[in-house]
Amino acid sequence: MLDREQYQEKKSVKNNAGFYIALAICIVTIAAAAWTTYGSVADYNSRQEEESSSPASNVEVHHDVSGQKYEESSAGESSMEPSPEPSQVEESQTEESSEEPSSEPVQETVAEDHPSPPIEKGTIIKVFSPQNPLQSKTTSDWRTHHGVDIAASEGTPVHAMHNGTVQSVSSDPMLGNVICIEHTGGYTAYYCGLTETSVVKEGSAVASGDTIGYIGIVPSEMLDESHLHLEVTKDGAYIDPTKLF
């Protein structure tokens, strides 16, 4: 029989042998797993290189927008309209250049504006005097005169001095029947002392020389000989009416 020390020594040798066998098995297993992993990684990298080297046009690109997938479209040659041929362009340019603007003159519908005396061959019997008073036969006093008086017998036609538009046809207790016309240039003329028979009405367009009414009576100057009392303003101020004819 083996003594106790020999028994213990044999037991220790068996245990060490088992440990090294187990360690060897573990090393072999780890090496096999590492080799398998390396093969998978190499295969994956190979596939990625093949995909990246393929043309980009063969890959369909998708995007997500609000949960909906859409395919990114590429502009193909078939979606483009064909360019016109040079002959077509030349024909189009020739047609455009052949259309010349009309050289016919534009017909003027507005009468020529020229000064016209309100009374043909009329004589001024009282001048424009806005600062120096003049004696009035009717009122027997001295007062300024903001117009001119042009002698004419009753019923004599009264003419527009310039083109314009009739602003009003009214009656005034001092000046009688009055036709107010806004003439070109910003002048406003008051033709006073006319008969009730008026040729024009409010809003009427008149041309220079047109008859607008007839000589009547000026109540505030009724003792003077029959005449037209004419007043003109420019920007609200009285001016000498003779500057307009």
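Predicted model: local features only at pLDDT ≥ 70, side-chain atom pairs only at ≥ 80, totals over all residues.
Local features need pLDDT of at least 70 and side-chain atom pairs count only at pLDDT 80 or more, while totals for chains, interfaces and linings use all residues. Residues are numbered from 1 along each chain as its sequence is written, and side-chain values use heavy atoms, with hydrogens and water left out.

**View 1. Asp224 and Lys126 meet in a salt bridge.** A salt bridge here is a side-chain nitrogen of Lys or Arg within 4 Å of a carboxyl oxygen of Asp or Glu. Two turn up in a search of the whole structure, and in this one the N to O distance is 3.6 Å. The partners are 98 residues apart and link distant parts of the chain: Lys126 belongs to strand E3 (residues 123-126), and Asp224 to the loop between strand E12 (211-214) and strand E13 (227-234). Strands are DSSP runs of at least two residues (E), numbered from the N terminus. Both Asp224 and Lys126 are buried, where buried means under 20% relative accessible area, exposed over 50%, and partly exposed in between (1.4 Å probe, protein chains only).

**View 2. Arg143 pairs with Asp141 in a salt bridge.** Here the closest N and O atoms are 2.7 Å apart. Arg143 is partly exposed because its relative accessibility is 35%. Asp141, at 26%, is partly exposed as well.

**View 3. The charged end of Lys234 sits over the ring of Tyr187.** It lies 4.9 Å from the ring centre. For this label, NZ of Lys or CZ of Arg must be within 6 Å of the ring centre and within 35 degrees of the ring normal.

**View 4. Ser140 and Asp235 have positive phi values.** For Ser140, which is not a glycine, phi is near 55°; this residue is found in the loop between strand E4 (129-136) and strand E5 (141-145). Ser140 counts as exposed because its relative accessible area is 61%. Asp235, also not a glycine, has a phi of about 55° and is placed in the loop between E13 and strand E14 (237-239). At 69% relative accessibility, Asp235 is exposed too.

View 5. A disulfide needs a pair of cysteine sulfur atoms within 2.5 Å, and the structure holds zero of them. Cys180 is buried at 8% relative accessible area, and Cys192 is buried at 0%.

Note on methods
Helix = DSSP H or I, 4+ residues; strand = E, 2+ residues; numbered from the N terminus.
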